[in-house]
Amino acid sequence: MTAQENQGGRATYFDGNVGRRRAVSLAFGPALEIMEDGALLAAWPYAEVRRLPPPGGIMRIRALGAPKGAWLEIDDPQTQGDIARHCLLLLGEKTAPNPEGRRRLAYGLAACVMFGGFLWGGVPRMADVIAPLIPVEWEKKVGESADEEVRKTFPGKSCKAPKGVEALAKVSQRLQEASRLRLPATIEAIPSIVPNAFALPGGKVFLLSGLLEKAQSQDEVIGVLAHEFGHIENRDHLRRIIATGGTAMLVGLAFGDMTGGSAMVVVGNSVLNAAHSRENEAQADAFAAKTLGALGRPSKPLGELLLRITGEDDGGPLSILRDHPLSADRLKALEAADNSATAPPLLSEEEWKALKGICGERGAKRAPRTNAG
Ligand SMILES: [Zn+2]
């Protein structure tokens with residue numbers, strides 16, 4: 001900050017009490033300081049300053065914590081610029097959106113939060129700090145990009161056997177109700193011999209037909225889907241994208257600065273290839289157990305399916321154990337999980353059969369493992 005900026009500028013102050021215009025001077029200290037003849041009338045925290053609908057050429061601002069009816073009018077362009085630089089959340093609800101300003105603000109905030117988080121505890125902590133701050137609309141846009149990447153990796157058409165789609169929609173709805181997921185999810189089955197399922201930011205879950213083939217009961221599949229809902233609820237995929245250095249890219253995707261190309265490859269890679277942390281896995285398992293409990297269904301089959309797959313898993317790219325690692329603690333918790341049912345299965349025998357056949361009888365076997373080299 002230069003000395004010149006510290007000197008502040010002139011403004012007209014309406015204090016909200018007596019409704020009188022007061023000629024004041026402004027100083028940019030720890031807060032926006034409003035002074036009259038050297039006496040401090042008010043100090044507005046920068047983060048609380050908002051813009052009011054402006055009469056032509058004049059900047060009019062208020063502060064969230066200030067008395068109702070208190071505002072400042074600034075007509076000097078230099079001071080207006082200083083205010084805009086100090087008060088980053090200036091954008092009022094009633095002003096026209098300024099995409100350029102919002103974009104710069106977003107990059108600036110991302111950089112500040114990243115740096116703060118990094119100082120605090122390194123990259124994982126940084127991801128924990130940033131992930132909850134990402135607006136849902138951004139999360140959805142990132143999810144759309146990831147969706148495109150997934151379709152390149154799994155080029156088979158999504159599975160549309162009508163009875164199977166119905167059964168999957170039923171499972172999806174019951175899981176969403178029981179889990180009270182924070183945003184609507186959709187589950188789509190795609191053909192692949194890989195036994196896996198994964199979620200994207202924004203609420204999309206892909207269920208690979210290889211998993212349906214390996215499953216011996218509907219509770220096993222439902223357990224895996226509930227676990228994926230846990231990752232959606234906790235925004236674990238955003239965490240992974242941030243942890244792999246994609247914060248600026250997240251902002252870019254949100255504002256349409258980056259489409260296609262490298263940004264999407266980073267998103268795709270971090271959804272398809274990066275492993276969740278042990279803590280995130282444990283949380284997703286706990287979320288699944290709670291959801292299954294609310295449905296009156298056992299959570300042990302989730303562990304049984306994973307263990308069965310472990311026996312045959314080659315740990316290669318796209319394997320379920322690679323992106324959802326089985327730690328000793330996790331294994332113990334899954335083995336000790338509840339195996340009692342207090343409610344009937346979600347699907348009838350017929351519906352479960354239809355779900356298993358959602359990709360057609362030989363759908364999975366025909367599908368390539370991946371084209372991702
Ligand atoms: Zn997982």
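Predicted model: local features only at pLDDT ≥ 70, side-chain atom pairs only at ≥ 80, totals over all residues.

Me: Let's zoom in on β7. How many bridges join it to β6?

Reply: Three bridges do that, linking β6 (residues 59–63) with β7 (residues 70–74), and the two run antiparallel.

Me: And how many join β1 to β7?

Reply: Four bridges there, with β1 covering residues 10–15, and that pair is antiparallel too.

Me: What stands opposite isoleucine 61?

Reply: That would be leucine 72 in β7. Leucine 72 is also the bridge partner of tyrosine 13.

Me: How many residues sit between the strands in the hairpin of β6 and β7?

Reply: Six, and glycine 69 in that hairpin takes a positive phi near 90°.

Me: Nice. Switching to helices: at roughly what angle do the axes of α5 and α7 cross?

Reply: Roughly 50°, with the axes coming within 11 Å; α5 spans residues 162–179 and α7 spans residues 218–233. The two helices are therefore oblique to each other.

Me: Is that crossing right-handed or left-handed?

Reply: Right-handed, as α5 passes α7.

Me: Which residues meet there?

Reply: From α5 you have Val171, Leu175 and Ser179, and they meet Ile222, Leu225, Ala226 and Phe229 of α7. By class, the contact has six nonpolar residues, one polar and no charged.

Me: How about α11 and α14, where do their axes come within 10 Å, and at what angle do they cross?

Reply: The axes belong to residues 278–295 for α11 and 328–335 for α14, and they cross at roughly 10°.

Me: So what does that make them, parallel or oblique?

Reply: Roughly parallel, because the cut-off for that class is an angle under 35 degrees.

Me: Which residues of α11 and α14 meet?

Reply: Glu281, Ala282 and Asp285 in α11 meet Asp329, Arg330, Ala333 and Leu334 in α14. That contact divides into three nonpolar residues, no polar and four charged.

Me: Great, thanks for the tour!

Notes: Residues numbered from 1 in each chain as written. Pairing = 2+ DSSP bridges. Axes fitted to C-alpha atoms, helices over the stretch in contact; angles between N-to-C directions. Parallel < 35°, antiparallel > 145°, perpendicular 65-115°, else oblique. Contact = placed C-beta atoms within 7 Å. Nonpolar A, V, L, I, M, F, W, Y, C, P; charged D, E, K, R; others polar. Left-handed = near helix turned anticlockwise from the far one by under 90°.
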